[in-house]
Amino acid sequence: MTGGGAGAWFLRSGRIDRSDWWLRYVLPAALLGLIASVVDAAWFPGAWPRFENSAGSIDLADVLWFFPTQGGPVTSVVALAFVVPSIAAMVTRLHDRDHSAWWLLWGLLPGIGWLVLLVTLGLLGTQGRTNRYGPPPR
């Protein structure tokens, strides 16, 4: 997408390369999600994630699990704030690979769907030619 501003981050169009996707969308979402979980654990102790198990030791599975079954209010607000930008970034990243947004439906396939999206969005590079979604980024 040409041009800047907050709208360029929130609602993208065109194509973005792999490094932009990781650095401008995945990393900030992961960091804010971690901070929100820590704030929820401190201010709302009944909220998920519970980093300690019943024996009082830290349960590593809770720390590494990105999709808790419950969430505190801060985690919920952060998650809602990132829904639209995350979907827009995934779509523009798929466009960079010359795939349509329908590829997001892979995420509904249990087991392998998230792996297909991770490889396509996060590991495969930019197509260096103009495709149906526009010229290569930059």
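Which residue forms a salt bridge with Asp96, and how many Å apart are the closest N and O atoms? I looked this up in what is a predicted model. The partner I found is Arg15, with the closest N and O atoms 3.0 Å apart.

**Entry: where that pair sits.** I placed Asp96 in helix α4, which covers residues 73-96. Arg15 I found in the loop between α1 (6-10) and α2 (18-43).

**Entry: buried or exposed?** I checked the cover on both partners. Asp96 has 0% relative accessibility and therefore counts as buried. Arg15 is buried too, at a relative accessible area of 2%. My reminder on the cut-off: buried means under 20%.

Entry: I noted Arg93 as buried, its relative accessible area being 0%.

**Entry: the pair with Asp98.** Next I looked at Asp98, which forms a salt bridge with Arg132 at 3.1 Å between the closest N and O atoms. Asp98 lies in the loop between α4 and α5 (113-123), while Arg132 is in the segment after α5. These positions are 34 residues apart in sequence, so this bridge, too, ties parts of the chain together. Asp98 is partly exposed, with a relative accessible area of 22%. Arg132 counts as exposed, at 60% relative accessibility.

**Entry: putting the bridges together.** How many salt bridges does a search of the whole structure find? I get 3. Through shared partners, Arg15, Arg93 and Asp96 join into one network.

**Entry: the overall picture.** I finished with the fold as a whole. I count 5 helices and 0 strands, and from the N terminus the order reads α-α-α-α-α. The protein has 138 residues, and 29% of them count as buried. Among contacts with a separation of 6 or more, 63% come from residues 24 or more positions apart. For the accessible surface I wrote down about 8600 Å², with 72% belonging to carbon and sulfur atoms.

Conventions
Residues are numbered from 1 along each chain as its sequence is written. This is a predicted model: local features need pLDDT of at least 70, side-chain atom pairs count only at pLDDT 80 or more; totals for chains, interfaces and linings use all residues. Side-chain values use heavy atoms; hydrogens and water are left out. Helices (H or I, at least four residues) and strands (E, at least two) are DSSP runs, numbered from the N terminus. Buried means under 20% relative accessible area, exposed over 50%, partly exposed in between (1.4 Å probe, protein chains only). Contact means heavy atoms within 4.5 Å. Accessible areas come from the Shrake-Rupley method with a 1.4 Å probe; for residues, only the protein chains shown count as cover. A salt bridge is a side-chain nitrogen of Lys or Arg within 4 Å of a carboxyl oxygen of Asp or Glu.
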